[in-house]
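Subject: Structure handover

Hello,

Here is the structure for you to look through. Please open it first, then read my notes below.

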Amino acid sequence: MRKCYLGVDIGSVSTNIIVMDADEQILDTLYIRTQGKPIETIKKGLSQIKNRLDKDIEIYGVGTTGSGRQLGGIMIGADVIKNEITAHGIAALNFVPDVKTIIEIGGQDSKIILLRDGVLYDFAMNTVCAAGTGSFIDRQAERLDIPIEEFGKWALKSKSTVRIAGRCAVFAESDMIHKQQLGHNQEDIINGLCEALVRNYLNNLGKGKEIKSPVIFQGGVAANIGIKRAFEKILGYEVMVPPHANVMGAIGAALLAKEETAKAGESKFKGFEVADSNYTVKSFECEYCPNMCEVVEFRRDEKMVARWGDKCGRWSHDKTAKDEKLA
Amino acid sequence: MKITFPHMGKTYLPVKAMFDDLGVEFVVPPKNSKKTLEIGTKYSPELICLPMKINLGNYIESIEKGADTIIVTGSCGPCRYGYFVEVEKEILKDLGYDAEFVVLEAPNGNKKEFFNRVSKVANTKNMMKIANALKNGIKVLRKLDRVEESILKLRPYEKNKGEMDQLYNALIKSLEKSTGTYQMAKVIDQTQENIESVKLDKNREILKVGIIGEIYTIIEDFANIDIGKKLNELGVAVHKSHTASGWIFEHLFYNNIGSTREKKVYKAANPYMKTMVGGHGRETIGNAILYAEEGYDGVIQVMPFTCMPEIVAMSLLPQIQNDKNIPILTLIIDEMTGEAGYVTRLEAYIDLLRNRRGKHKNEKMLSWR
């Protein structure tokens with residue numbers, strides 16, 4: 001029997017699941033698209049992982065992270081539900097213990113995390129702007145009809161610089177179209193876009209922050225070699241992309257789960273069977289006050305598991321209703 | 001004449017008590033809700049800040065409940081707040097509402113006009129009566145501010161979770177029913193006592209965070225996603241740098257009192273900001289420094305999207321963060337009602353503070369997980 005830990009990162013664009021053994025070796029990773037259906041995606045992911053794992057593996061702890069961490073945590077029975085900033089920091093420290101800067105670019109958000117002496121020191125996360133995140137690159141790749149996996153390689157082929165506006169996704173896109181209509185090479189435009197995104201990232205998130213080497217680049221966009229090169233060019237340092245860069249959040253969650261279960265003694269994991277259950281989510285507008293909170297009710301096989309979304313606690317604290325089926 | 005006024009935190013309670021004392025007819029605007037925000041957003045200029053959107057929502061909801069006169073405090077601080085009334089007047093007129101604004105300020109220092117306006121609202125020329133009601137109203141407000149301050153400070157320590165919330169909710173309910181300042185003051189005093197005698201677990205490792213930034217978003221919990229409570233739940237004692245009573249003083253009496261705290265704040269801000277930049281930009285800087293010097297673990301700046309004075313202050317915060325070695329987080333608030341993004345940042349920020357404190361404690365510093 002091998003003791004293993006599960007890390008699940010339910011992001012806006014992708015859901016990542018990793019399996020880690022007791023020696024913190026990564027046994028398996030899974031990266032699937034969330035496509036706006038987190039519950040279905042978690043189920044799909046869990047059953048895929050279950051089929052791929054050896055039979056002698058037993059899960060001793062589960063951690064969830066990402067914007068869907070609460071939902072996923074309730075569904076799977078997580079021992080740790082942690083925000084993605086901390087999870088990413090922990091995972092990076094595990095690979096490069098003296099890391100000082102983490103650049104993380106995901107589907108819907110980007111972050112910069114600064115560490116000093118192995119301690120989380122400062123961070124910033126983009127707020128109102130989507131320029132420079134994975135979704136935007138995805139869209140541009142689609143528009144140019146280049147598979148997203150190839151996008152970075154195109155940038156490397158570029159020989160001359162084309163400057164693209166980076167401040168805003170809308171400006172960047174119209175600038176790209178204008179340059180394209182002027183007859184610039186596609187690879188130069190793609191490279192220009194990569195550099196624009198990096199500039200935008202550094203101007204927004206990196207403002208006033210001291211970016212020190214070693215620098216780690218992780219998140220889904222780290223797979224884009226064009227962006228990596230643009231970072232190196234502008235920062236003047238080597239930028240490391242760790243193995244499993246696209247699932248670092250999940251790795252952090254698993255590491256935390258390992259620690260938590262060591263303290264707690266046992267796991268709350270509900271087993272891979274959760275993938276076979278039927279989940280229904282019902283949301284309704286509470287009518288008790290003009291806040292009209294959108295309350296979400298989460299049921300597993302018709303039995304209510306949890307409710308959330310209310311400001312006052314009328315629904316989320318209502319413990320009696322949880323077992324209404326049993327009563 | 002039926003008077004109404006905008007919401008800001010729990011100020012509606014003392015205002016209600018004051019009007020009860022004076023025997024003036026009034027409408028308390030319905031509590032801030034998504035509906036308020038929706039109305040306000042629909043009719044406000046798109047890029048105006050959140051406080052005006054909520055204010056406008058308050059007025060329209062009150063007018064629909066029968067109010068015809070809106071009283072607002074004036075502001076000479078060069079931030080957009082000074083123009084709110086002028087813009088709102090036009091918007092309400094365009095919408096076909098017939099409401100009169102009374103701005104409590106002395107135009108160009110004209111004290112006589114100020115008293116005229118006050119006596120019009122108070123429905124009496126008896127200055128003693130007005131002064132008394134005002135004095136007692138402010139007393140109630142101060143007491144109420146003190147209750148809230150105690151809760152934010154003590155709630156993370158409470159042994160039985162929810163006790164203070166219960167006391168507070170009961171207080172608000174009974175204040176909403178009571179009439180007059182005398183009755184209110186009594187109820188608040190009782191609650192203050194009860195809150196201070198709630199059983200605490202002082203052994204908990206509780207962090208201390210100060211809230212700085214734009215005053216409305218600090219005080220109005222509907223606007224700041226109830227940040228105080230959220231932080232309390234994460235094991236953090238909170239202090240807000242602005243209170244409603246402080247604000248009333250400042251705006252009704254034209255800063256000429258200049259409390260000792262205020263002087264301290266300006267002095268602290270001096271090396272970074274020597275002059276006023278509008279709104280409370282200078283206070284934001286000064287308070288950030290004072291919190292750092294008072295040994296707080298962290299400082300959070302809260303401001304509405306497009307708030308100019310706070311943007312100026314924000315650009316100085318990284319330098320203060322370095323000089324004073326205190327992590328500062330900025331939260332920009334607009335009409336988003338999805339809280340997940342804010343919660344993620346707050347959680348990560350608190351993790352960061354805990355790790356820092358842990359590191360401080362044992363110099364050896366183990367893994368920070």
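Let's start with the domains. Chain A splits into three: domain 1 (2–88 + 249–276), domain 2 (98–238) and domain 3 (279–323). Note that this is a predicted model.

How far apart are the C-alpha centres of domain 1 and domain 2 of chain A? They lie 28 Å apart. Domain 1 of chain A gives seven residues to the contact, and domain 2 of chain A gives 14 residues. On the domain 1 side, helix 3 of chain A supplies the largest share, with three residues. That side has two nonpolar residues, five polar and no charged.

Next, confidence. The average pLDDT of chain A is 87, and 95% of the residues score at least 70. Take care with residues 322–327 of chain A, where the pLDDT is below 50. Beyond near neighbours in sequence, that stretch has four contacts in the model.

Now back to helix 3 of chain A.

- Helix 3 (residues 84–95) packs against helix 9 (residues 248–264), both in chain A. The angle is about 85°, and the axes are 7 Å apart.
- Angles of 65 to 115 degrees count as roughly perpendicular, so helix 3 of chain A is roughly perpendicular to helix 9 of chain A.
- From helix 3 of chain A, the residues in this contact include A:E84, A:H88 and A:N94. From helix 9 of chain A, they include A:M248, A:I251 and A:L255.
- By class, the contact of these two helices has nine nonpolar, four polar and one charged residues.

Then the strands of chain A.

- Five strands make an open sheet in chain A, in the order 8-7-6-9-10, with mixed pairing. Strand 8 (119–125) and strand 10 (239–240) of chain A are the edge strands, and each pairs on one side only.
- Strand 7 (residues 110–116) of chain A runs antiparallel to strand 8 of chain A, with six bridges. A:R116 has A:V119 in strand 8 of chain A as its bridge partner.
- Strand 12 (residues 294–300) and strand 13 (residues 303–308) of chain A are also antiparallel, joined by five bridges. A:R300 stands opposite A:K303 in strand 13 of chain A.
- This hairpin of strand 12 and strand 13 of chain A has two residues between the strands. There, A:D301 has a positive phi near 45°.

Chain B comes next. Which elements of chain B give two or more residues to the side that touches chain A? In total, 21 residues of chain B are in contact with 22 residues of chain A. The elements are helix 2 (34–43) and helix 15 (340–361) of chain B. Helix 15 of chain B gives the largest share, ten residues. By class, the chain B side has nine nonpolar, three polar and nine charged residues.

Helix 2 of chain B also meets helix 3 (residues 50–64) of chain B. Their axes come within 7 Å and cross at roughly 110°. Helix 2 and helix 3 of chain B are therefore roughly perpendicular to each other. Among the residues that meet are B:L37, B:I39 and B:Y43 in helix 2 of chain B, and B:I54, B:L56 and B:I60 in helix 3 of chain B. This contact has six nonpolar, five polar and two charged residues.

Best wishes

Technical notes: Residues are numbered from 1 along each chain as its sequence is written. Chains are lettered from A and ligands numbered from 1 in the order in which they are written. This is a predicted model: local features need pLDDT of at least 70, side-chain atom pairs count only at pLDDT 80 or more; totals for chains, interfaces and linings use all residues. Axes are lines fitted to C-alpha atoms, for helices over the stretch in contact, and angles run from 0 to 180 degrees between N-to-C directions. Helices (H or I, at least four residues) and strands (E, at least two) are DSSP runs, numbered from the N terminus. Angles under 35 degrees count as roughly parallel, over 145 as roughly antiparallel, 65 to 115 as roughly perpendicular and the rest as oblique. Two residues are in contact if their C-beta atoms, placed from the backbone, lie within 7 Å. Ala, Val, Leu, Ile, Met, Phe, Trp, Tyr, Cys and Pro count as nonpolar, Asp, Glu, Lys and Arg as charged, and the others, Gly among them, as polar. Domain bounds come from an automatic or database domain assignment. pLDDT is the predictor's confidence in each residue, from 0 to 100. Two strands pair if DSSP finds at least two bridges between them.
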